Amino acid sequence: MHRQFSAIAGAVLLSACMTWAQGSQRPQSRPGREMSGHDMSKMPADASGMKDMPGMDAESSAPAMHSMEGHHMDMGPHMKMTALRDPKPGDEKRAQEVVEAARAVAEKYKDYRTALADGYKIFLPNVPQKMYHFTNYKYAFEAAFTFKPEHPTSLLYEKHGDDYKLVGVMYTAPKRYNESDLDRRIPLSIAQWHEHVNLCMPPADRKNEALGPKFGLHGSIATKEECDANGGTFHPRIFNWMVHLYPFEKEEAEIWDVSRGHDHSHAD
């Protein structure tokens, strides 16, 4: 229960990074390669809905938050990615099995209403995003203990008018995992998992700085010492490991593309 509470509290805290910034800035809006519990009473009132965080499992949450959505590849010290390994016998086959399972899921959920009916929930549906995460929290919890390619933590949709077009899926893994653990789920010679690290949240009276230039996942502060010196709260690791897969693509490099969805720029 403590881990679950910490996960929810952590999710709300990180979501507040976006919520605070929005409150202060309105109307602005290659080949695939622990957060502790916090006092939720200090979160903004409108952050209560942030519980719908992509990738939440028994230990933590693994979102692709709107506040983090742009510039993933430019996060520098705030992004940790697994290194591509030399291929081993069987890697291609194992990776292809994951792709085939993801394609079957994607075919089933091309109509986003089917996903909603099956328990997937839209993260921040009213916030403009390049890519929307529809998350199944039962599968997110399951991912903390086992890997089932037919049960992605999140479905990735692009919005077109009032409709959503499915483009990919997201898998998560516990942050306690090392690279060998991740390799057993999806070969690291094919895919690169990533996690978000070295977050410094600003003091409450400077919440408008949550998206930079010093604080947040785009900020210059990346060490506890510097965070403490600036009055912030430091979190060495945020969320769980995650990996995106684009099953409708044909080429391996595009199926496991680490930059897609992360290379756009907008007010976030």
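Student: How many helices and how many strands does the protein chain have?

Tutor: This is a predicted model, in which local features need pLDDT of at least 70, side-chain atom pairs count only at pLDDT 80 or more, and totals for chains, interfaces and linings use all residues. Residues are numbered from 1 along each chain as its sequence is written, and side-chain values use heavy atoms, with hydrogens and water left out. Helices (H or I, at least four residues) and strands (E, at least two) are DSSP runs, numbered from the N terminus. Under that definition, the protein chain has 7 helices and 7 strands.

Student: What percentage of the residues in the protein chain is buried?

Tutor: A residue counts as buried under 20% relative accessible area, as exposed over 50%, and as partly exposed in between (1.4 Å probe, protein chains only). Of the 268 residues in the protein chain, the buried share is 56%.

Student: In what order do the strands of the open sheet stand?

Tutor: Strands of a sheet pair through backbone hydrogen bonds, either parallel or antiparallel. Two strands count as paired if DSSP finds at least two bridges between them. The pairing here is antiparallel, and the order of the 7 strands is β1-β6-β7-β5-β4-β3-β2.

Student: Which strands stand at the edges of the sheet?

Tutor: A strand at the edge of this sheet has a single partner strand, so one of its sides is left without a neighbour in the sheet. The strands in that position, residues 79-81 and 121-122, are β1 and β2.

Student: Over how many bridges do β6 and β7 pair?

Tutor: Strand β6 covers residues 194-201, and its pairing with β7 is antiparallel. Valine 197 has arginine 237 of β7 as its bridge partner. The number of bridges between β6 and β7 is 6.

Student: How many residues lie between β4 and β5 in their hairpin?

Tutor: The two strands run antiparallel and are joined by 7 bridges; leucine 155 has valine 169 of β5 as its bridge partner. In the turn, glycine 161 has a positive phi of about 65 degrees. The number of residues between β4 and β5 is 2.

Student: Which residue's backbone nitrogen does the side chain of asparagine 240 reach?

Tutor: Asparagine 240 belongs to strand β7 and is buried, with a relative accessible area of 0%. Its C-alpha atom is separated by 8.2 Å from that of histidine 196, 44 residues apart along the chain. At 3.4 Å, the side chain of asparagine 240 reaches the backbone nitrogen of lysine 175.

Student: With which residue's side chain does the side chain of histidine 151 make a polar contact?

Tutor: Histidine 151 lies in the loop between α4 and β4. Not counting residues up to four places away in sequence, histidine 151 touches Tyr139, Glu142 and Tyr171, where contact means heavy atoms within 4.5 Å. A polar contact is a pair of N or O atoms within 3.5 Å; within protein, one must be able to donate a hydrogen and the other to accept it, and residues adjacent in sequence count only if both atoms are side-chain atoms. At 2.8 Å, the partner of the histidine 151 side chain is glutamate 142.

Student: Which residues does the cis peptide bond join?

Tutor: Most residues other than glycine have a negative phi, and most peptide bonds are trans. Leucine 124, in the loop between β2 and β3, has a positive phi near 50 degrees, and asparagine 198 of strand β6 has a positive phi near 55 degrees. Proline 213 is found in the loop between β6 and α6. With omega at about 5 degrees, the cis peptide bond joins glycine 212 and proline 213.
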